[in-house]
Amino acid sequence: QVHLVESGGGLVQAGGSLRLSCAASGIIFKINDMGWYRQAPGKQRDLVATISSSGDTTNYADSVKGRFTISRDNAKKTVYLQMNSLKPEDTAVYYCNADISPTIVRTYNYWGQGTQVTVSS
């Protein structure tokens with residue numbers, strides 16, 4: 001089956017930067033929209049950013065706009081999240097999400113396992 005694997009999380013001081021990666025593997029015909037979500041302890045999972053299949057349309061949560069950048073490399077089946085000027089309130093588990101077609105006639109939504117981002121003050 002299809003798997004999404006995140007990497008790049010870790011501990012960083014406020015004002016620092018991290019770059020998250022999410023690579024898709026398995027039987028894949030086409031990867032459609034992709035996105036990043038985050039969930040802090042005791043909180044619901046919220047949208048961070050999304051990107052269309054061609055990369056020409058992006059969407060960001062107001063809280064990260066101007067600081068985070070989502071991008072993708074379709075040849076590598078990978079989506080990235082560049083996070084700059086990190087704040088303690090950015091601390092959360094970050095999850096990759098994607099709409100993936102294993103065949104030309106079927107499309108499913110997938111989640112990665114999550115990667116921890118901790119921003120210290």
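**Salt bridges and the sheet**

Mentor: Let's start with K65, which forms a salt bridge with D62, the closest N and O atoms being 3.5 Å apart. The term salt bridge here stands for a side-chain nitrogen of Lys or Arg within 4 Å of a carboxyl oxygen of Asp or Glu.

Trainee: Before we go on, what kind of model is this?
Mentor: This is a predicted model, where local features need pLDDT of at least 70, side-chain atom pairs count only at pLDDT 80 or more, and totals for chains, interfaces and linings use all residues. Residues are numbered from 1 along each chain as its sequence is written, and side-chain values use heavy atoms, with hydrogens and water left out.

Trainee: Thanks! Are K65 and D62 buried or exposed?
Mentor: K65 is exposed, and so is D62. Buried means under 20% relative accessible area, exposed over 50%, and partly exposed in between, with a 1.4 Å probe and protein chains only.

Trainee: How many salt bridges are there by this rule?
Mentor: The count comes to three salt bridges. D90 pairs with R38, with 2.9 Å between the closest N and O atoms. D90 lies in the loop between β8 (78-83) and β9, and R38 in strand β4, so this pair ties together parts that are 52 residues apart in sequence. Strands are DSSP runs of E with at least two residues, numbered from the N terminus.

Trainee: And which salt bridge do D90 and R67 make?
Mentor: The side chains of D90 and R67 meet at 2.8 Å, N to O. This pair links distant parts of the chain, 23 residues apart, with R67 in the loop between β6 (58-60) and β7.

Trainee: How accessible are D90 and R67?
Mentor: D90 is buried, with a relative accessible area of 1%. R67 also counts as buried, at 11% relative accessibility.

Trainee: New topic: which cysteines does a disulfide join?
Mentor: C22 and C96 are joined, with 2.1 Å from S to S; the rule asks for a pair of cysteine sulfur atoms within 2.5 Å. C22 lies in strand β3 and C96 in strand β9 (residues 92-103), so the pair ties together parts that are 74 residues apart in sequence.

Trainee: What about the handedness of that disulfide?
Mentor: The torsion about the S-S bond of C22 and C96 is about -80 degrees, so the disulfide is left-handed. Both C22 and C96 are buried.

Trainee: Now the sheet. What order do the four strands have?
Mentor: The open sheet runs β1-β3-β8-β7, with antiparallel pairing. Two strands pair if DSSP finds at least two bridges between them. β1 (3-7) and β7 (68-73) stand at the edges, each with a single partner strand, so one side of each is left without a neighbour in the sheet.

Trainee: How many bridges do β7 and β8 pair over?
Mentor: Six, in the antiparallel sense. The bridge partner of I70 in β8 is L81.
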